[in-house]
Amino acid sequence: MKTHNYLSPLAVVGALALTLTACGSTGGGGTSTTSDDCSAYSSYGKHDGKTVSVYSTIVDTEATNLEESWAQFEKCTGITIKYEGSKEFETQIGVRSKAGNAPDVAIFPQPGLLADQAKTGNLKPAPKAVSDLVDKNWSADWKKYGTVNGTFYASPMLANVKGYIWYVPKTFKDKGWQVPKTWDEMMTLTKKIADDKAMKPWCAGFESGEATGWPGTDWIEDVVLRAEGPEVYDQWVTHGIPFNDPKIVNAFNTTGKVLLDPNYVNGGFGDVRSILSTGFAQAGQPVLDGQCAMHHQATFQAANWPAGTKVAPDGDVWAFMAPPVDASKGVAITGGGEMIGAYKDTPEVQAYLTFMASADFANNRVKLGGAISANKGLDANNAGSELDKLSIQLLQDPKTVFRFDGSDLMPGAVGSNSFWKGIVSWVNGTPAQQVADSIEASWPKS
Amino acid sequence: MDFIGGKLLQVVIAVAAFAAVIGIIMLLVDRAPKSIKDKVTVAGFLAPAAILMLVGLVYPAVQTSIFAFTDAKGQGNGVDNFVWMFTQPAALVTLRNTVIWTVLVPLLSTSIGLAYAVFIDKARGERALKALVFMPMAISFVGAGIIWKLVYDYRGPGIEQTGVLNFLRVALGLDPKQFLLDAPENTVFLIIVMVWIQTGFAMVILSAAIKGVPVELVEAARLDGANPWQQFRNVTIPGIRGSLVVVLTTITIATLKVFDIVRTMTAGNYDTSVIANEMYTQAFRAGEPGRGAALALVLFLLVLPIVVYNARVLRKQREIR
């Protein structure tokens, strides 16, 4: 029966299929913190059995809190949110979208990255319900960050305020040090602490895998905004002035007076260059151990302290905003935030996006602690800590000059590549002018 | 569950479709008229593989080659990307490092592996000694990168050291060293990781080859009064020449493509970038797919002659046998 030979490969394939079917695994599972009251969620409709995949940079505790803040939404709408957080998001999102394997929803930590993705045409414009909510709940500045070429793509999610300087109140009190009101006072204090020789004034850590260098960009941005004002800052991030403008090089040199002085850094870790080999999450630890006095890091540093550390003006650790150069000009702060954009526009994705833009989400998440939002519907009393409360008040205060993290606004080639690499080579010994020149050379021509 | 169910269904459908296509092809081949049956059979069996090759290998290769001549916006820009690659100081460092890697890694891994294989040949506990060196092969490049990053870890003088090497340096009264930050020797410290992994591979293949050298030849050489070095030089080496070439070329190809070690340990900072790492950075982080493609093309051209040479040596060997 020669003609039946072609059946045997079929049998092999069939067996293979059976093997593959056995490899499935079970997933899902509920969260215990949900209640039975679904009245607040009725407007999102019922989407039983639907799944929305969400991809972002948020991992560990912050990811758990994020998932918990939408647990009730999942329960009431029947949508399963498949969340995946990755530190490699910035590169992987481009790879996945190009490969046709994009998540349903991506939470972009940088407007520049969002713009890149919007320009590829893969990202879907935000539904009208989301756009209306953002008009109602956020300032025009924030909406601008989710808009690319006039089309609104992504609503802001959470915010973080950068430029805090963390210190131990008790140490300051014991030593008789005052929280500085101006940049000059801060430098005087720095010198005083260094002369005291009990500890290094500063500790810093810029290591962050392939993103190594980014905490340094925060330093430079803070200095540019405070020393040169918001107009120069805006020109700088939009390439209205070149990256190697003397004002920017000057900001590098001002920052270098702290970071490149072996007498001032790097408490608990070693010399100036140990900044590059110290992970940003561990870098603040010596503040608590009394090996350094101050550490510059955004609000999320509160989550990097060991469990049980009390963050309060009278607690184990507290923070002051990096002081202005001219105190009479008021407070200027830089900060960041996430933008939620979608690669799909199914009803369940739209329902999810609408919920994420609502004040309900902001309040849910902020109540869990360690996060804030610039959502005007957010009640500052929901803040999980005194620091969050302070930050929300700063963000909601109309007199505060707020600017989005500069490197996040620059094109990807600069903001998430050459600027980081520039910081790395600058700390490793390359002169500021040369670093600024090479970053300027990498700015995309168009 | 819906998600898993959906994926499962996709798998089942894909497998069924595949089976159906194969079935139809075989049926047609079987039913072909006698006169052209041979040709139809050959075509029928080659076609699926050929089509997959075209879609999965040839098409992307052609597309990458075209990309190599475009700018960030996808517009043609001639040979600008190649000019960039051979003129920009940063890009030149990348090329230089790749050359250092491809010279040092195959040479060191193969010679250390060969020496080790010779010394432990017929020694007591040979298997255990082999396993010891072969074990790193089982670790992924990323895993090895993380392990060695901890080995090279740095803390300032006077602070308790967390890295093994700096701990030893301090114990010997030396200052701790920033192993991964000081160019150009940091490239060598990265190369050590690759050598650590590849030596086991070289050792296993060469050890097997040494055991394949006819005992009579070695005996004869010894009776003729050859000392161990002469035996090694004039009997063993010619006897394992084929395996040596295979080991050298395989490691060279692996080295040209090295990516994970550099990415995990320095992310290409401090002048340690190599072609594969820079290709990824340019294409996916800096938004310059053209430059990435140009680097990929150069990498391909560098690997190609080695692959061809490797294939020819293997074929020649088969002919001899």
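The largest cavity has a volume of about 60 Å³. The model is predicted: local features need pLDDT of at least 70, side-chain atom pairs count only at pLDDT 80 or more, and totals for chains, interfaces and linings use all residues. Residues are numbered from 1 along each chain as its sequence is written, chains are lettered from A in the order in which they are written, and side-chain values use heavy atoms, without hydrogens and water.

- On a 1 Å grid over the protein atoms alone, a cavity is a set of points where a 1.4 Å probe fits but cannot get out.
- A pocket is an open set with protein on both sides within 12 Å along at least five of seven lines.
- Lining residues have an atom within 4 Å of a point.
- Points are joined across faces, edges and corners, and a volume is the space filled by probe spheres set on them.

**Largest cavity**
- The whole structure holds three cavities of 30 Å³ or more.
- Both chains line the largest cavity; among its residues are Glu210(A), Trp420(A), Arg263(B) and Arg285(B).
- Helix H19 (412-427) of chain A and helix H13 (275-285) of chain B each supply at least two lining residues; helices (H or I, at least four residues) and strands (E, at least two) are DSSP runs, numbered from the N terminus.
- H19(A) gives the largest share, four residues.
- The lining has two nonpolar, five polar and four charged residues. Ala, Val, Leu, Ile, Met, Phe, Trp, Tyr, Cys and Pro count as nonpolar, Asp, Glu, Lys and Arg as charged, and the others, Gly among them, as polar.

**Second largest cavity**
- Its volume is about 50 Å³.
- Its lining includes Cys203(A), Phe206(A), Trp219(A) and His295(A).
- H10 and strand S9 (292-296) of chain A each give two or more residues to this lining.
- By class, five lining residues are nonpolar, four are polar and none is charged.

**Second largest pocket**
- This pocket has a volume of about 1,300 Å³.
- It is lined by 46 residues, and those closest to its centre are Thr57(A), Lys87(A), Trp214(A), Phe280(A) and Phe300(A).
- Its lining has 14 nonpolar, 16 polar and 16 charged residues.

**Gln92(A)**
- Gln92(A) sits in helix H4 (residues 89-98) of chain A.
- It is partly exposed, at 24% relative accessible area; buried means under 20%, exposed over 50%, and partly exposed in between (1.4 Å probe, protein chains only).
- Beyond neighbours within four places in sequence, Gln92(A) is in contact with Tyr55(A) and Tyr280(B), where contact means heavy atoms within 4.5 Å.
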